[in-house]
Amino acid sequence: MEPDRILSPDPSTSKSKPTESEKEKFIEWEDYEHEVARLWSLSSSLNESKQKKQNFEQKLRSLIQVKEEALSRLNKLEEMKERVEARKLVIERIKGQSKVAAENSTKEEERLSSEVRSLLVAGTALSLASKQLQDSRRSLAGERGYVRLTKLQKKLRLRQQFMISQVSLLYPIKISAGPSEEQELESFPSSSKSGNYVGSKPVNQGSLTILGLHLTMTPFTKMSFFTDKKEVQRSASALGHVAHAVSLIASYLEVPLRYSLRFGGSNSYIIDCAPSVESSDLLSSTLLTANTKPVEFPLFLEGQDTTRAAYAVFLLNKDLEQLLNYIGVRSLGPRHVLANLKELTRTIQSAEFLDS
């Protein structure tokens, strides 16, 4: 074979593309077998390399898949671990709550036990009280019960009626019919328990007498140098009689008077144990500092302040009003002392008092 020939390139075409002589490579025949063997070995190595590459790629894919599965399982394990921790926290909180609930239930059980014991004691007391009530009902239902109580109450009313009739005889209140005549009028104007007055018109305060003495209120409002001293003494005596009658009637009726009395005939006093601000305005400045102490007011004018004496008459009429209210009758007014006393004795001596 001919040796390799190298042709010089054409300057005009050297920059465009190689010639056919540049692409061709001439090999000696002796080296052809070696070259073929080398190429065959290179081809085998290349195929073997490709096969190894494919095997490596398969192993790498399997490893990547295993790694991904491992990572996925690891993430799941982390999630499960977080859930377990959360469950542990919830369980701890529930344990705390259950412990508090157990303590509360123990306290509640103790409280309920004490209440049950109290209920048992109360039930025993209630059963005893019920038994006593049944015994009391049986005793009241018999002849010695309510009927006997009613009879005793009627006897008491009759006794009170008799005693107060003695008071009315001791201190008779009459109506002055003329300058020198006095008579006790049975059709004395009275009031029913509803407060409506029946009979004739109300009698003037000046026309009533107690033991023949008039009770005149004029000296208590207009006291002067020319005031009749005898009239003042008669009024004081009349007020003393009224005070004594009121005291006796209150004791017979067993009524504690709001304003107690200190009886002294024509020099009697009435006591205000708790004078109010309004009543203190009527007193001197020395009484304003001690308005919580009992204060005595005179039921007479001689040597006394007219304001204090007038207030004493007002308190005496309040005692009469208290007694009238006790028997269910309204007062005739704050200026009708003798009329209220007459109405009190008349109502007590009537049949209505026995049925009340």
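**Exercise 1.** How many residues apart are Glu-343 and Arg-346 in helix 9, and about what part of the helix separates them?

*Solution.* In this predicted model, Glu-343 and Arg-346 stand 3 residues apart in helix 9, and therefore about one helical turn lies between them. The general rule is that an α-helix has 3.6 residues a turn, so residues three or four places apart point the same way. The next step is to examine the side chains, where Glu-343 and Arg-346 form a salt bridge whose closest N and O atoms are 3.3 Å apart. As for accessibility, Glu-343 has a relative accessible area of 0% and is buried, whereas Arg-346, at 25%, is partly exposed. Elsewhere, a network of salt bridges with shared partners joins Glu-108, Arg-111 and Glu-115.

**Exercise 2.** Determine which elements are tied together by the salt bridge between Glu-296 and Arg-262, and classify the accessibility of both residues.

*Solution.* Begin with the contact itself: the closest N and O atoms of Glu-296 and Arg-262 are 3.0 Å apart. Then place each partner, with Glu-296 in strand 9 (residues 295-298) and Arg-262 in strand 7 (residues 261-262), so that the pair ties together parts that are 34 residues apart in sequence. Finally, compare the accessibilities with the limits for partly exposed, which run between 20% and 50%: Glu-296 has 30% and Arg-262 has 40%, and both are thus partly exposed. This pair belongs to a structure that holds 8 salt bridges.

**Exercise 3.** Describe the salt bridge between Glu-321 and Lys-318, giving its element and the exposure of each partner.

*Solution.* Both Glu-321 and Lys-318 lie in helix 8 (residues 306-326), where they are 3 residues apart, or about one turn of the helix. Their side chains meet in a salt bridge with an N to O distance of 3.6 Å. Glu-321 is partly exposed at a relative accessible area of 25%, and Lys-318 likewise counts as partly exposed, at 32%.

Note on methods. Residues numbered from 1 in each chain as written. Predicted model: local features only at pLDDT ≥ 70, side-chain atom pairs only at ≥ 80, totals over all residues. Heavy atoms only, no water. Salt bridge = Lys/Arg side-chain N within 4 Å of Asp/Glu carboxyl O. Helix = DSSP H or I, 4+ residues; strand = E, 2+ residues; numbered from the N terminus. Buried < 20%, exposed > 50% of the residue type's maximum accessible area, 1.4 Å probe, protein only.
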